[in-house]
Amino acid sequence: MTMTNPEHPSADPYCVMGNPVAHSRSPWIHARFAELTGQPVHYERALVPLDGFAEFVRDFAARGGKGCNVTVPFKLQAAELSTSASERVRLAGAANTLAFSASGIHADNTDGLGIVADITRNAGVQITGRDVLLLGAGGAAAGALGSLIEQKPRRIAVVNRTHAKAVALVDQHAALATLHKVELIALDKQGLEADLTQNFDIVINATASSLAGAEVPAPASVLRSGSLAYDMMYGPAAQPFLDWASSYGAIARDGLGMLVEQAAESFALWRGVRPPSAQVLSELRALLQAEAAR
Ligand code: ATR
């Protein structure tokens, strides 16, 4: 990884840290944000040794790095090593954004803001007052739940293969849900399959089931006519869920917009400038389609 851009030697260094990280689109997204806003940002990809995350972060900051995004498998460690953190990080127990300053390492989690922005602004679907089903209770679900609650839906049900994890995630967010008058419950998967009258306006897949080649972890009865079915992944990993949802009349949407919007939130946090995320999302979608057609 180089810390400077030869064309803009004074640009501030940022990066995405992960392992693996070669697939990450974040450098492309942030380069477009920088171009379109005129911000002097130099953003690279950093493959971090599995046992060397904290050392890598401190070294990057010491060499002038201003901030980083954090991806698999370091989001929990990122939250732990920060010297200050947002409420979102505390609730999720994980951070995807670090900002370095003289006062230390500040952690935030923009994944939830990203999915909310994509659903409400880009897809034009209101969350407030609606019924939401969240499939999964791992890191991806935890990162989104707090921001979903803050939109004040009527109800959020969390379903997970390992029910105890859904219960723990719901417990963790119970006070926030009460504050926003949201009915937040952990649903048992068997219960969901037995009661075919339970359906939702928005169904979000935050599981890794399609990566594992497994079936969609919910019965089709959870969908209403015109429900939004959202997979947090994009590309081939999201396809089984999107095909399932479309075949039952739902509006299927992948997580590419969430990716761009969480990046936009990180960029805004670092730079104090909001990039034109909708434009960058349509450019990225066109780029991925062109790559897939090759
Ligand atoms: P991530 O950070 O992507 O959320 P994770 O924390 O490992 O990754 O969580 C993966 C999620 O996908 C979990 O909710 C997991 O269910 P368990 O808690 O029971 O492990 C879910 N998941 C993974 N494989 C699955 C499968 N084949 N069927 C249903 N759910 C699955």
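**Domain arrangement, open sheet and helix burial**

The domain assignment, whose bounds come from an automatic or database source, divides the protein into domain 1 (12-109) and domain 2 (112-256). The structure is a predicted model, in which local features need pLDDT of at least 70, side-chain atom pairs count only at pLDDT 80 or more, and totals for chains, interfaces and linings use all residues. Residues are numbered from 1 along each chain as its sequence is written, and side-chain values use heavy atoms, with hydrogens and water left out. The C-alpha centres of the two domains lie 27 Å apart. Six residues from domain 1 and nine residues from domain 2 take part in the contact, where contact means heavy atoms within 4.5 Å.

Helices (H or I, at least four residues) and strands (E, at least two) are DSSP runs numbered from the N terminus, and two strands pair if DSSP finds at least two bridges between them. An open sheet of mixed pairing is formed by six strands in the order β2-β1-β3-β5-β6-β4. Between β4 and β6 (residues 104-108) the pairing is parallel, over two bridges, and Ser84 stands opposite His106 in β6. Helix α1 (residues 26-37) packs on the sheet by touching β1 (12-18), β2 and β3 (67-70), and its direction makes about 175 degrees with that of β2; such angles run from 0 to 180 degrees between N-to-C directions, the axes being lines fitted to C-alpha atoms, for helices over the stretch in contact. Helix α2 (residues 53-62) also packs on the sheet, touching β1, β2, β3, β5 (97-101) and β6, with a direction at about 170 degrees to that of β1.

In helix α12 (residues 277-293), the buried residues (under 20% relative accessible area; exposed, over 50%; partly exposed, in between; 1.4 Å probe, protein chains only) are Ser277, Val280, Leu281, Leu284 and Leu288. Seen down the axis of α12, these buried residues fall within an arc of 105 degrees, so they line one face of the helix; the arc is that of the directions from the helix axis to the C-beta atoms. The buried residues of α12 pack against α1, α5 (111-122), β12 (251-253) and α11 (256-271), whereas Gln289 and Ala293, on the other side of α12, are exposed.

Helix α6 (residues 139-150) is largely enclosed by the rest of the structure, because nine of its 12 residues are buried, among them Leu145, Leu148 and Ile149.
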